[in-house]
Amino acid sequence: MSQLSILDPIAVPSGDLTERARRFCDLAPYRNDPFGRRNWGGVLHSLCSYQGKLKPSIAKFLIEWFTNPGDRVLDPMAGVGTIPLEARRQGRVGVGSDLSPLAVSVTRAKLEPFDPSEVADLVADLDKRIADGPELSELIQMVDVDFGFNGPIRSYFQEDTLREILIVRQAFADELEPSPARDVVFSSLLHILHGNRPYALSRRSHPVTPFAPSGPFEYRSVIERLETRLARVLPELENLASVSLHGEAFEADCREVPVSYPIDAVITSPPFAKSLRFWSSNWLRLWFTGWDRHDFEAQPQRYIDVQQRSGMEPYRELARAMHALLRPDGLFILHLGETARVNMAASIRPEIDPWFEIEYAGRENVEDTETHGLRDKGATVAHWYVFARRRP
Ligand SMILES: C[S@@+](CC[C@H](N)C(=O)[O-])C[C@H]1O[C@@H](n2cnc3c(N)ncnc32)[C@H](O)[C@@H]1O
């Protein structure tokens with residue numbers, strides 16, 4: 001077995017952290033077939049499209065090679081929960097936290113146990129609200145649909161569909177009690193909100209970023225499409241619940257994650273410096289979670305994406321906070337970006353050094369996979385994997 005593992009790029013390597021980290025970076029096992037395929041990981045990793053989502057196979061190998069069954073694995077900037085979901089699938093306890101209500105709702109749906117009959121009741125409740133709800137003319141007195149980033153909200157939907165979307169949005173924002181079942185339904189709605197396939201509620205757009213819509217204005221029933229989506233994801237979610245430990249999701253700043261138990265490993269992929277602005281690339285889904293015109297101006301200042309433009313100090317605070325949550329000897333693994341202008345791995349090093357000893361940092365050139373032949377100084381040219389251990 002050990003002879004074979006020298007050659008086998010997907011066997012868990014033996015050796016200390018430095019050795020395993022070196023092997024991870026040299027072999028890039030997540031690129032091998034079938035892990036390198038676009039849709040590897042199944043429908044749960046695609047519960048809701050998200051700009052900036054980590055490739056699920058990277059999460060799979062980080063969990064498998066650097067944590068143990070039963071470990072508590074935290075991602076404090078979890079996005080849509082790729083890392084904690086992989087942790088959960090592999091018998092670890094996945095804990096995810098993010099500031100974005102969109103991200104947290106999807107992460108919670110992937111991690112927390114839910115009652116399937118509550119899902120059915122919620123869909124029936126939404127159906128009734130749509131049947132009994134006000135006319136569009138009344139709704140748009142209360143909700144501004146004349147703003148947006150690639151065209152106003154109202155240009156994305158046929159009028160009757162827009163009316164249903166506004167009724168459902170209001171129910172989630174103001175009336176429905178929080179519960180994991182609610183997050184399952186909400187994630188499915190978020191996913192179908194826009195796209196270029198028959199499942200989408202919008203006119204033809206893009207499933208990840210809501211580019212300006214095109215094509216005819218056609219009525220698309222919210223409940224019909226929601227039911228189709230749920231039929232696809234519910235069996236997988238129920239199956240996961242029956243075989244794995246459940247986890248937990250929080251809506252919190254990454255420097256203030258409210259966990260009260262020791263964490264064994266923190267694995268995270270922070271926003272890449274100079275990457276696309278998350279709020280404009282996720283804007284329509286953020287609007288659906290309740291953000292209005294004012295939130296798009298005020299909220300971004302709270303996010304590391306914006307804060308790191310004036311320096312890497314936020315990572316010093318993050319490292320301090322992770323040091324407080326991790327068990328002695330716990331691991332802190334970061335997946336970072338390098339552009340022509342900024343090498344995040346180099347600039348983060350002095351910020352985390354007071355609390356963590358970096359045992360290995362490996363660079364992966366991604367120019368072939370990420371730039372699509374475009375020469376752009378803001379584009380990511382490499383990914384870095386930084387493996388650090390908690391100082392006593
Ligand atoms: C690159 S994405 C992570 C993607 C994630 N690995 C996934 O697969 O979906 C970075 C995340 O950091 C979150 N974020 C930015 N600033 C934050 C903060 N101050 N506290 C918590 N999360 C934050 C963003 O909302 C975003 O979801």
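What covers the buried residues of α16? In this predicted model, local features need pLDDT of at least 70 and side-chain atom pairs count only at pLDDT 80 or more, while totals for chains, interfaces and linings use all residues. Residues are numbered from 1 along each chain as its sequence is written.

The cover of α16 includes α15 (313–325), β5 (326–339), β6 (356–365) and β7 (380–390); contact here puts two C-beta atoms, placed from the backbone, within 7 Å. Helices (H or I, at least four residues) and strands (E, at least two) are DSSP runs, numbered from the N terminus. Within α16 (residues 344–352), Met344, Ala345, Ile348 and Ile352 are buried, that is, with 20 or more other C-beta atoms within 10 Å of their own. These four cover an arc of only 85° around the axis, so they end up on the same side of α16; the arc is that of the directions from the helix axis to the C-beta atoms.

As for the chain as a whole, it has 17 helices and 7 strands, and buried residues make up 42% of its 392 residues. Its C-alpha trace spans about 65 × 45 × 40 Å along the principal axes. Of the contacts with a separation of 6 or more, 73% come from residues 24 or more positions apart.

Phe332 shows some of this packing: leaving aside neighbours within four places in sequence, phenylalanine 332 is in contact with Val266, Met322, Leu326, Phe356, Ala388 and Arg390.

Technical notes: Buried ≥ 20, exposed ≤ 12 C-beta atoms within 10 Å, placed from the backbone.
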